Amino acid sequence: MSDKSEIIKQNNLAFEFIEKLYLETSYLIKEIAGMLNEEEEKFVIGKSGGSGISSMSSRGLEPNNVNLWLLKKFSVFFVPEEKTLVRGGTTFTKIDKNLKVLYLRIVLNDKSIKEPTIYSGVLYNIEKKNEASFINKFEHIMTNLEYNENKIFANIKKIDYENIYIKIKGELIKNNLFDINDSETIVKKIIKPSLDLYRKH
(Lines give C-alpha, C1' and ligand atoms only; values in the text may rest on other atoms or scores of the structure.)
Protein backbone atom coordinates (compact mmCIF):
# COMPACT_ATOMS: atom_id res chain seq x y z
CA MET A 1 0.00 0.00 0.00
CA SER A 2 1.29 3.47 -0.92
CA ASP A 3 2.49 5.76 1.81
CA LYS A 4 -0.13 8.46 2.39
CA SER A 5 2.46 11.18 3.03
CA GLU A 6 4.14 10.39 -0.30
CA ILE A 7 0.81 10.64 -2.13
CA ILE A 8 0.15 14.04 -0.51
CA LYS A 9 3.62 15.21 -1.50
CA GLN A 10 3.15 14.07 -5.12
CA ASN A 11 -0.28 15.70 -5.23
CA ASN A 12 1.17 19.04 -4.07
CA LEU A 13 4.06 18.81 -6.52
CA ALA A 14 1.71 18.06 -9.41
CA PHE A 15 -0.47 21.09 -8.70
CA GLU A 16 2.53 23.35 -8.12
CA PHE A 17 3.94 22.29 -11.48
CA ILE A 18 0.67 22.87 -13.35
CA GLU A 19 0.24 26.27 -11.70
CA LYS A 20 3.79 27.25 -12.67
CA LEU A 21 3.19 26.03 -16.23
CA TYR A 22 0.03 28.15 -16.47
CA LEU A 23 1.83 31.19 -15.04
CA GLU A 24 4.75 30.86 -17.45
CA THR A 25 2.32 30.46 -20.34
CA SER A 26 0.41 33.59 -19.28
CA TYR A 27 3.70 35.53 -19.12
CA LEU A 28 4.54 34.34 -22.63
CA ILE A 29 1.14 35.47 -23.98
CA LYS A 30 1.54 38.86 -22.27
CA GLU A 31 5.04 39.28 -23.71
CA ILE A 32 3.76 38.47 -27.20
CA ALA A 33 0.89 40.95 -26.67
CA GLY A 34 3.34 43.65 -25.62
CA MET A 35 5.54 43.10 -28.67
CA LEU A 36 2.56 43.10 -31.04
CA ASN A 37 1.29 46.34 -29.53
CA GLU A 38 4.54 47.98 -30.65
CA GLU A 39 3.97 47.04 -34.29
CA GLU A 40 2.57 49.58 -36.77
CA GLU A 41 -0.90 47.98 -36.50
CA LYS A 42 -0.81 48.32 -32.69
CA PHE A 43 -2.37 44.93 -32.01
CA VAL A 44 -4.41 44.42 -28.84
CA ILE A 45 -5.46 41.12 -27.31
CA GLY A 46 -9.09 40.15 -27.85
CA LYS A 47 -11.10 39.74 -24.66
CA SER A 48 -14.65 38.50 -24.81
CA GLY A 49 -15.58 39.01 -21.18
CA GLY A 50 -12.66 40.09 -19.05
CA SER A 51 -10.60 36.98 -19.77
CA GLY A 52 -8.01 36.70 -22.50
CA ILE A 53 -8.09 32.99 -23.33
CA SER A 54 -10.71 30.83 -25.00
CA SER A 55 -10.92 27.14 -24.21
CA MET A 56 -13.16 24.12 -24.15
CA SER A 57 -13.77 23.22 -20.52
CA SER A 58 -16.29 21.35 -18.41
CA ARG A 59 -17.39 20.81 -14.84
CA GLY A 60 -19.41 17.69 -15.63
CA LEU A 61 -18.90 14.47 -13.68
CA GLU A 62 -19.13 12.14 -16.67
CA PRO A 63 -15.73 10.55 -17.48
CA ASN A 64 -15.44 12.28 -20.89
CA ASN A 65 -16.17 15.64 -19.23
CA VAL A 66 -13.77 15.13 -16.32
CA ASN A 67 -11.00 15.12 -18.93
CA LEU A 68 -11.92 18.75 -19.65
CA TRP A 69 -11.62 19.95 -16.05
CA LEU A 70 -7.97 20.80 -16.61
CA LEU A 71 -7.11 23.37 -19.29
CA LYS A 72 -4.92 21.53 -21.77
CA LYS A 73 -5.63 23.70 -24.81
CA PHE A 74 -6.48 27.38 -25.13
CA SER A 75 -6.19 30.23 -27.58
CA VAL A 76 -6.08 34.00 -27.88
CA PHE A 77 -6.32 36.41 -30.77
CA PHE A 78 -4.82 39.79 -31.51
CA VAL A 79 -6.44 42.48 -33.63
CA PRO A 80 -5.30 45.96 -34.69
CA GLU A 81 -6.53 48.52 -32.19
CA GLU A 82 -8.43 50.41 -34.88
CA LYS A 83 -10.39 47.26 -35.81
CA THR A 84 -11.90 46.68 -32.38
CA LEU A 85 -13.73 48.62 -29.71
CA VAL A 86 -12.17 48.38 -26.28
CA ARG A 87 -14.67 48.80 -23.45
CA GLY A 88 -13.41 48.30 -19.92
CA GLY A 89 -11.87 44.84 -19.83
CA THR A 90 -13.51 43.57 -23.02
CA THR A 91 -13.20 44.05 -26.77
CA PHE A 92 -15.86 44.13 -29.48
CA THR A 93 -14.47 43.09 -32.86
CA LYS A 94 -17.01 43.46 -35.65
CA ILE A 95 -17.03 40.73 -38.27
CA ASP A 96 -16.75 42.15 -41.77
CA LYS A 97 -15.17 41.10 -45.07
CA ASN A 98 -11.89 42.83 -44.23
CA LEU A 99 -11.40 41.33 -40.78
CA LYS A 100 -8.28 39.27 -40.18
CA VAL A 101 -6.68 38.45 -36.84
CA LEU A 102 -3.47 37.06 -35.46
CA TYR A 103 -4.24 33.77 -33.75
CA LEU A 104 -2.24 32.01 -31.04
CA ARG A 105 -3.12 28.53 -29.79
CA ILE A 106 -1.32 26.63 -27.06
CA VAL A 107 -1.69 22.88 -26.59
CA LEU A 108 -0.12 21.75 -23.34
CA ASN A 109 -1.21 18.14 -23.59
CA ASP A 110 -2.88 16.01 -26.23
CA LYS A 111 -2.55 12.46 -27.54
CA SER A 112 -1.68 13.83 -31.00
CA ILE A 113 1.52 15.62 -29.86
CA LYS A 114 4.75 14.52 -28.22
CA GLU A 115 5.39 17.76 -26.34
CA PRO A 116 3.57 21.03 -25.61
CA THR A 117 3.01 23.00 -28.80
CA ILE A 118 2.29 26.58 -29.78
CA TYR A 119 0.56 27.51 -33.04
CA SER A 120 0.64 31.06 -34.39
CA GLY A 121 -0.46 32.78 -37.54
CA VAL A 122 -3.43 34.42 -39.19
CA LEU A 123 -7.17 33.81 -39.57
CA TYR A 124 -8.87 35.63 -42.44
CA ASN A 125 -11.90 35.54 -44.78
CA ILE A 126 -14.00 35.35 -41.63
CA GLU A 127 -17.72 35.18 -42.29
CA LYS A 128 -20.73 34.76 -40.05
CA LYS A 129 -23.63 32.74 -41.49
CA ASN A 130 -27.28 33.84 -41.23
CA GLU A 131 -27.99 30.96 -38.84
CA ALA A 132 -25.53 32.46 -36.34
CA SER A 133 -27.68 35.24 -34.93
CA PHE A 134 -26.01 34.73 -31.54
CA ILE A 135 -22.61 35.65 -33.00
CA ASN A 136 -22.27 39.42 -33.13
CA LYS A 137 -18.51 39.78 -32.74
CA PHE A 138 -15.37 37.76 -33.47
CA GLU A 139 -14.88 37.06 -29.78
CA HIS A 140 -17.93 34.76 -29.96
CA ILE A 141 -16.25 32.65 -32.67
CA MET A 142 -13.30 31.70 -30.49
CA THR A 143 -15.20 29.03 -28.52
CA ASN A 144 -16.60 27.63 -31.78
CA LEU A 145 -13.01 27.16 -32.99
CA GLU A 146 -12.11 25.23 -29.84
CA TYR A 147 -15.11 22.91 -30.13
CA ASN A 148 -14.30 22.12 -33.76
CA GLU A 149 -10.52 21.90 -33.36
CA ASN A 150 -10.06 18.52 -35.06
CA LYS A 151 -11.66 19.72 -38.29
CA ILE A 152 -10.32 23.27 -38.27
CA PHE A 153 -6.70 22.49 -37.41
CA ALA A 154 -6.32 19.26 -39.38
CA ASN A 155 -4.16 21.16 -41.88
CA ILE A 156 -2.71 24.24 -40.20
CA LYS A 157 -0.95 25.35 -43.38
CA LYS A 158 -4.26 25.73 -45.17
CA ILE A 159 -7.21 26.20 -42.83
CA ASP A 160 -10.46 26.26 -44.79
CA TYR A 161 -13.39 25.57 -42.51
CA GLU A 162 -17.12 26.07 -42.79
CA ASN A 163 -20.11 25.04 -40.70
CA ILE A 164 -23.67 26.34 -40.36
CA TYR A 165 -22.45 29.28 -38.25
CA ILE A 166 -19.10 30.43 -39.61
CA LYS A 167 -16.69 30.28 -42.50
CA ILE A 168 -12.99 30.90 -41.93
CA LYS A 169 -9.58 30.53 -43.58
CA GLY A 170 -6.14 30.71 -42.09
CA GLU A 171 -2.54 29.66 -41.95
CA LEU A 172 -0.58 28.73 -38.83
CA ILE A 173 2.98 27.84 -37.91
CA LYS A 174 3.80 25.14 -35.35
CA ASN A 175 6.56 25.38 -32.72
CA ASN A 176 7.40 23.35 -29.65
CA LEU A 177 6.39 25.48 -26.67
CA PHE A 178 9.49 24.76 -24.60
CA ASP A 179 11.73 25.96 -27.46
CA ILE A 180 10.28 29.47 -26.99
CA ASN A 181 12.35 30.59 -24.02
CA ASP A 182 13.58 34.16 -24.66
CA SER A 183 12.55 37.38 -26.39
CA GLU A 184 14.78 36.80 -29.39
CA THR A 185 13.20 33.40 -30.04
CA ILE A 186 9.70 34.85 -29.61
CA VAL A 187 10.43 37.41 -32.32
CA LYS A 188 12.11 34.90 -34.63
CA LYS A 189 9.67 32.01 -34.32
CA ILE A 190 6.34 33.68 -33.50
CA ILE A 191 6.15 37.45 -34.04
CA LYS A 192 7.90 37.78 -37.41
CA PRO A 193 6.43 34.69 -39.11
CA SER A 194 2.93 35.54 -37.85
CA LEU A 195 3.17 39.14 -39.04
CA ASP A 196 4.47 37.97 -42.42
CA LEU A 197 1.38 35.75 -42.78
CA TYR A 198 -0.93 38.51 -41.58
CA ARG A 199 0.45 41.07 -44.02
CA LYS A 200 0.47 38.54 -46.88
CA HIS A 201 -3.24 37.82 -46.53
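Glutamate 41 counts as buried because its relative accessibility is 17%, where buried means under 20% relative accessible area, exposed over 50% and partly exposed in between (1.4 Å probe, protein chains only). This residue lies in the loop between α1 and β1. Beyond its neighbours within four places in sequence, glutamate 41 is in contact with Pro80, Glu81, Tyr198 and Arg199; contact here means heavy atoms within 4.5 Å.

The model is predicted, so to speak of local features requires pLDDT of at least 70 and side-chain atom pairs count only at pLDDT 80 or more, while totals for chains, interfaces and linings use all residues. Residues are numbered from 1 along each chain as its sequence is written, and side-chain values use heavy atoms, with hydrogens and water left out.

Turning to the sheet, 6 strands form an open arrangement in the order β1-β2-β5-β6-β8-β7, with antiparallel pairing. Its edge strands, each pairing on one side only, are β1 (43–45) and β7 (159–162). Helices (H or I, at least four residues) and strands (E, at least two) are DSSP runs numbered from the N terminus, and two strands pair if DSSP finds at least two bridges between them. On average, neighbouring strands of this sheet are turned by 30 degrees against each other, direction ignored; axes are lines fitted to C-alpha atoms, for helices over the stretch in contact, and angles run from 0 to 180 degrees between N-to-C directions.

Between β1 and β2 (residues 73–80), the antiparallel pairing spans 3 bridges, and isoleucine 45 has phenylalanine 78 of β2 as its bridge partner. Helix α1 (residues 4–37) packs on the sheet, its direction making about 15 degrees with that of β2.
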